[in-house]
Amino acid sequence: MYQITDMLFVGNIYEAEKPPAHIGAVLLVAEEFTPTPPSGVIYGRIPFKEFGEAKAASLQQAIEWIARHHPDNRVLVCCRAGMGRSVSVVMAYLCCVNSMAYPDVLQLIMNRRPAACPLPNIQATIQQVLQLRQGKGA
């Protein structure tokens, strides 16, 4: 598990199934897994295809899920290895909700999760989500 901010973490499927005690919410973004939700934490699943481009609607849904649970919980976003999909969702959250610039987010992610491998065209998809959010007044 890798800490990205004080309250946001990325991890793998094993951490999604058995999160550390300090984690209050787990979002699984791996399409190929449907584990039993861990007890004692808020749990969500929004499937993304491994190595594929993120769909703007799914990314928006993931951002909204994190935003609902983030103020009161440490949130762990997980995929199979904690390197691609989970990292991409956290990047989108930081850009869209925390208004961080993409280059700053990418640098933060690469410093905190050196093996990170964001999904293809994630910067363009984040821009689409930002436009969607602005269009509905989010």
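Two strands count as paired here if DSSP finds at least two bridges between them. Keep that in mind for the sheet. One caution before we go on: this is a predicted model.

So, the sheet. It is open, it has 5 strands, and the order is β1-β2-β5-β3-β4. The pairing is mixed. Which strands sit at the edges? They are β1, residues 2-3, and β4, residues 42-48. Each of these pairs on one side only.

Strand β1 is joined to β2, residues 8-11, by 2 bridges. The two strands run antiparallel. Across that pairing, Tyr2 stands opposite Val10 in β2.

Now step back to the whole chain. We have 5 helices and 5 strands. Along the sequence the pattern reads β-β-α-β-β-α-β-α-α-α.

Helix α2, residues 56-69, lies across β2, β3, β4 and β5. For orientation, β3 is 25-30 and β5 is 75-78. Helix α2 runs at about 165 degrees to β4. Helix α3, residues 85-96, also lies across β2, β3, β4 and β5. Its angle to β2 is about 160 degrees.

On to helix α4, residues 102-112. Which of its residues are buried? Tyr102, Val105, Leu108 and Ile109. Viewed down the axis of α4, these buried residues fall within an arc of 125 degrees, so they line one face of the helix.

What do the buried residues of α4 pack against? Helices α3 and α5, the latter spanning 122-135.

Last, some totals for the chain. Buried residues make up 49% of the 138. Take contacts between residues at least 6 apart in sequence: 62% of them join residues at least 24 apart. The accessible surface comes to about 6800 Å², with 50% of that belonging to carbon and sulfur atoms.

To recap the sheet: 5 strands, open, mixed pairing. And α4 has a buried side packed against α3 and α5.

Note on methods
Residues numbered from 1 in each chain as written. Predicted model: local features only at pLDDT ≥ 70, side-chain atom pairs only at ≥ 80, totals over all residues. Heavy atoms only, no water. Helix = DSSP H or I, 4+ residues; strand = E, 2+ residues; numbered from the N terminus. Contact = heavy atoms within 4.5 Å. Axes fitted to C-alpha atoms, helices over the stretch in contact; angles between N-to-C directions. Buried < 20%, exposed > 50% of the residue type's maximum accessible area, 1.4 Å probe, protein only. Arc of directions from axis to C-beta. Areas by Shrake-Rupley, 256 points an atom, 1.4 Å probe, with all protein chains shown as cover.
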